[in-house]
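Hi,

Here's the structure I said I'd pass along.

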Amino acid sequence: MDTKTKEILEDVRDRLREANDNRNIANSERLLSVAAGAFVLYTGITRMFKTPLSSLAEVAVGGALILRGATGYCPVKDSMCCTRGTTGVGHIVAE
């Protein structure tokens with residue numbers, strides 16, 4: 001392999017390691033998020049012309065669930081859960 005290919009592969013490895021460090025949901029949650037997101041997205045798309053406003057909301061929520069499952073990171077869960085080594089009160093007081 002040439003040097004450019006090695007640089008690209010190393011960059012991909014670094015990004016995957018970084019993404020793995022930022023994961024805060026389990027693999028089972030990821031799978032359920034993708035499945036539920038796909039279902040909600042599908043129902044939103046199929047009902048687009050019957051109820052456009054609620055369908056747009058379904059498409060947005062379905063897309064967010066798919067993104068949550070694909071990346072393994074949930075910013076809502078990250079902001080709600082305490083960090084390791086601190087209690088719930090200590091986490092609230094620290095902020």
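K77 is partly exposed at 26% relative accessible area (buried means under 20%, exposed over 50%, partly exposed in between, with a 1.4 Å probe and protein chains only). Its side chain meets that of E29 in a salt bridge, 3.0 Å from N to O (the rule: a side-chain nitrogen of Lys or Arg within 4 Å of a carboxyl oxygen of Asp or Glu). E29 sits in helix α2 and K77 in helix α4, so the pair ties together parts 48 residues apart in sequence (helices are DSSP runs of H or I, at least four residues, and strands are runs of E, at least two, numbered from the N terminus).

This is a predicted model, by the way: local features need pLDDT of at least 70, side-chain atom pairs count only at pLDDT 80 or more, and totals for chains, interfaces and linings use all residues. Residues are numbered from 1 along each chain as its sequence is written, and side-chain values use heavy atoms, leaving out hydrogens and water.

E29 also pairs with R68, at 3.2 Å from N to O. That one links R68 in helix α3 to E29 in helix α2, 39 residues apart. R68 counts as buried because its relative accessibility is 18%, while E29 is partly exposed at 26%.

R68 also touches C74 (contact means heavy atoms within 4.5 Å). C74 lies in the loop between α3 and α4, and is buried at 10% relative accessibility.

Overall, the chain has five helices and zero strands, and four salt bridges.

Cheers

Conventions: Lists of a residue's contacts leave out its neighbours within four places in sequence.
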